[in-house]
Amino acid sequence: MIASMGLFAVEDAFVKAASTSLPVGQILIMFGLGGAVVFALLAAMRRTPLFVRDVLSPAMRIRMVFEIIGRLFYVLAIAVIPLSAATVILQATPLVVVAGATLVFGEKVGWRRWSAIVIGLIGVIIIVQPGTDSFSALSLLAVIGMIGFAGRDLASRAAPKSLNTLILGFYGFVAVIVAGVLYALWRGETFVIPDARATLFMAAAVGAGVTAYSFLMKAMRTGEVSAVTPFRYTRLLFGIGLGIALFGESLTMPMLIGSGLIVASGLVILWRGQKRGAAR
């Protein structure tokens, strides 16, 4: 999970860099095609059929919808708001996943972890700052993307066991293509021929994204969701570091306070999950 989060942050940085010269719809389509081709080739090498009956299961269809929502809105977010801000908001994903796991999978979450979830969500509100002069509606793009990714992760957990990481990865990137096509049609975007710099950025984003995606799916399908997902908070460190180092971003006091609450909530959830596991 930690390796996945670091690579996702690298992917975000390359996508943000490419967004300065490429339209968002084209970025999604190029990224989705690159990832789908890589997973298709890996599946062919291992003689893993991609078109099996289980890909039409209810869980996979739900996963596709959430994947489209998550990818589209998060790419929009990192294109128009600071990478560090989008990354911090995304850290609420584990909170939503743990809360959702109680409803979908019947995992037991005590009052301490519920309290941590609430505190973490308060941290997100502090970062977004609704109702203040500092509030930007564009930050809600990252919030919607976060909800999409949480739904994707929960659906991945519920996906049939016959579908391995290669199949999940392939259809995950197919969903990115769909998101790009839908957005391009809605916006009426005109595609451009990418220059060498943009092509390099997209190729690097695909490489980092495919590897990160594989690690994420493996993590989400191994062990208890509420014990695994808190490690997603490491993405905050990677994302903020890259935002400051590459894009000259700075941290505001609300972002620092909100991040602290989110990280503290994640640590509490992790500690309670480990304690519960040791008691079994």
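The questions and answers below go through a predicted model, from its annotated regions to its salt bridges, cavity and aromatic rings.

In this predicted model, local features need pLDDT of at least 70 and side-chain atom pairs count only at pLDDT 80 or more, while totals for chains, interfaces and linings use all residues. Residues are numbered from 1 along each chain as its sequence is written, and side-chain values use heavy atoms, with hydrogens and water left out.

Q: Which residues does UniProt list for "domain: EamA"?
A: The name comes from an unreviewed UniProt entry, whose positions are given in the numbering used here, with feature names shortened and annotations that may be inferred rather than shown by experiment. The entry lists residues 2–128 and 140–270.

Q: What percentage of residues 198–216 is helix?
A: Helices here are DSSP runs (H or I, at least four residues) and strands are runs of E (at least two), numbered from the N terminus. The unreviewed UniProt entry places one of its "transmembrane region" features at residues 198–216, where the end C-alpha atoms are 26 Å apart and strand accounts for 0%. The helix share over residues 198–216 is 100%.

Q: How far apart are the end C-alpha atoms of residues 113–129?
A: Residues 113–129 are also among the stretches that the UniProt record gives as "transmembrane region". The chain there is 94% helix and 0% strand, and the end C-alpha atoms lie apart by 24 Å.

Q: How many salt bridges does the model have?
A: A salt bridge is counted when a side-chain nitrogen of Lys or Arg lies within 4 Å of a carboxyl oxygen of Asp or Glu. One of them joins Glu67 to Arg71, with the closest N and O atoms 3.4 Å apart. By this rule the number of salt bridges is five.

Q: How many residues apart in sequence are the parts that Asp12 and Arg235 tie together?
A: Asp12 and Arg235 form a salt bridge whose closest N and O atoms are 2.5 Å apart. Asp12 belongs to helix α1 (residues 2–18) and Arg235 to helix α11 (residues 234–247), so the pair ties together parts whose separation in sequence is 223 residues.

Q: Which residues are linked with Glu67 in a network of salt bridges?
A: Glu67 and Arg71 both sit in helix α3 (residues 58–80), four residues apart, about one turn of the helix. The network of salt bridges links Glu67 with Glu11, Arg71, Arg152 and Asp153.

Q: What is the volume of the largest cavity?
A: On a 1 Å grid over the protein atoms alone, a cavity is a set of points where a 1.4 Å probe fits but cannot get out. Grid points are joined across faces, edges and corners, and a volume is the space filled by probe spheres set on the points. There is one cavity of 30 Å³ or more, and the largest cavity has a volume of about 130 Å³.

Q: How many charged residues line the largest cavity?
A: Lining residues have an atom within 4 Å of a point, and the 16 found here include Glu11, Asp12, Arg71, Tyr74 and Phe149, which lie nearest the centre. Asp, Glu, Lys and Arg count as charged, Ala, Val, Leu, Ile, Met, Phe, Trp, Tyr, Cys and Pro as nonpolar, and the others, Gly among them, as polar. The lining has ten nonpolar residues and no polar ones, and its charged residues number six.

Q: How many aromatic pairs does a search of the whole structure find?
A: Rings of Phe, Tyr and Trp (its six-membered ring) pair if their centres lie within 6.5 Å, and planes under 30 degrees apart count as stacked, over 60 as edge-to-face and the rest as tilted. The search of the whole structure finds aromatic pairs to the number of seven.

How values were computed: On a 1 Å grid over the protein atoms alone, a cavity is a set of points where a 1.4 Å probe fits but cannot get out, and a pocket is an open set with protein on both sides within 12 Å along at least five of seven lines; lining residues have an atom within 4 Å of a point.
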